[in-house]
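Here is a friendly walk through one model, with a look at its metal site, its charged pairs and a couple of its helices. Have the viewer open as you read.

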Amino acid sequence: MNRKSPMLPFTFKDFQDQFPDDASCLEWLRNYLYPDGIYCKNCARVTKHHRMASRPSYSCDHCGNHVHPTADTIFHKSSTPLTTWFHAIYLMASTRCGISAKQIQRETGVTYKTAWRMFKQIRSMLTNDAPIGGEGKGVEIDEMYYGGKRKNGAGRPMRGDKQKTPVLGMVERSGKVIALAVPDTTAKTLCGSVREFVLPATTVFTDECPAYNTVSEGRRYTHKRIKHSEKVYVVGNVHTNTVEGFWSLIKRGIGGVYHSVSQKYLQSYLDEYSFRYNRRFDTQPMFTSFLNQIEKTQPGETPCAELAQSQIA
Ligand SMILES: [Zn+2]
């Protein structure tokens, strides 16, 4: 875990050089979304398109049909300039531990409402849904209770902990993490989630929590357990230190940047953190990784619904 980050730097000057204005952002988006050219529905083929002078769209040279690259992306129908959006993405990608909507407001000069909306939309792209593990791989599994104290090692909820949200962590050693806010810590919930996200034939490491007794059912896992209650933390390669390390990062992050996270937004916070963690050994800049998520906007999220939500928050 002490490997030096190989990630290439991407400075604010690099950002300004590459995205000096809205036109360059739109051009980037066009090339990103249509690397093989724009398909015209009317002409039923890829045709040449030209930039409309007065609008953020492109028009087919043959029939004049318009294409808006921002449609169905996080920028959909937003009145905020693309450069401001890209600046916000740059800011969110450039800090190691994340940045708050308040900081985006300060840096970009937009209103808090706009900053919050961009923050939420950008974060919604940062999902991790590929399963982890597999033959010959080891995955550590553990729970944390967000909002509560947890004794080093095994952490069952204490009395009065009912309001605390359990979080299930699954970390592939030297690999990716998946962190899920879960409704409870029953065997059904925990084992069900593990089977959903951890591939068959993985060696899984858990503590002695009885909820994991049946985790291997139907998945051919090799299940190894550590007895935290006896203050044993490492036996050979049987330990959950990797996932414990991830929990420390999460807790430091919440405390340092957000102070606290409401239960409603805990999962998106976990997703953002996992997204960063899962790219810690990448060479491409985090900004590029963020931009490469743009097509992953959830369809059906209308700007009106987002606005309504941002007003509640
Ligand atoms: Zn056409």
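Does R173 count as buried or partly exposed, and at what relative accessibility? This is a predicted model, and in it R173 counts as partly exposed, at 22% relative accessibility.

**Salt bridges**

| Pair | N to O distance |
|---|---|
| R173 and E140 | 2.7 Å |
| K13 and D17 | 3.1 Å |
| E172 and K137 | 3.9 Å |

The side chains of R173 and E140 meet in a salt bridge. This pair links distant parts of the chain, with R173 in the loop between strand 8 and strand 9 (177–181) and E140 in strand 7, 33 residues apart. E140 has 0% relative accessibility, so it counts as buried.

E172 and K137 also join their side chains in a salt bridge. Because E172 lies in strand 8 (residues 165–172) and K137 in the loop between strand 6 (132–133) and strand 7 (138–146), the pair ties together parts that are 35 residues apart in sequence. E172 counts as buried at 12% relative accessibility, while K137 is partly exposed, with a relative accessible area of 38%.

K13 and D17 are a local case: they are four residues apart in helix 1 (residues 12–18), so about one helical turn separates them. Both K13 and D17 are exposed.

R123, E272 and R276 are linked in a network of salt bridges.

E272 and R276 are among the buried residues of helix 8. Helix 8 (residues 263–277) reaches 21 Å from its first C-alpha to its last, close to the 21 Å expected for it. It is mostly covered, with 11 of its 15 residues buried.

In helix 6 (residues 187–197) you will find S193, which counts as buried at 10% relative accessibility. The side chain of S193 reaches the backbone oxygen of T189 at 2.8 Å. Beyond its neighbours within four places in sequence, S193 is in contact with L168, M170, L180 and V182.

**The zinc site**

Finally, have a look at the metal. The SG atoms of C40, C43, C60 and C63 are the protein donors of the zinc ion, lying 2.3 Å from it. The site is tetrahedral, with angles of 101 to 116° among its four donor atoms. The donor residues follow the spacing C-x2-C-x16-C-x2-C in sequence. C60 counts as buried at 2% relative accessibility, whereas C63 counts as partly exposed at 36%.

Conventions
Residues are numbered from 1 along each chain as its sequence is written. This is a predicted model: local features need pLDDT of at least 70, side-chain atom pairs count only at pLDDT 80 or more; totals for chains, interfaces and linings use all residues. Side-chain values use heavy atoms; hydrogens and water are left out. Donors are N, O and S atoms within 2.8 Å of the metal (3.2 Å for Na, K and Ca); water is not among the atoms, so sites may look incomplete. Four donors count as tetrahedral if all angles lie between 85 and 135 degrees; four count as square planar and six as octahedral if opposite donors are over 155 degrees apart and all others between 65 and 115; anything else is irregular. Buried means under 20% relative accessible area, exposed over 50%, partly exposed in between (1.4 Å probe, protein chains only). Helices (H or I, at least four residues) and strands (E, at least two) are DSSP runs, numbered from the N terminus. A polar contact is a pair of N or O atoms within 3.5 Å; within protein, one must be able to donate a hydrogen and the other to accept it, and residues adjacent in sequence count only if both atoms are side-chain atoms. Contact means heavy atoms within 4.5 Å. The expected span of a helix is 1.5 Å times one less than its number of residues. A salt bridge is a side-chain nitrogen of Lys or Arg within 4 Å of a carboxyl oxygen of Asp or Glu.
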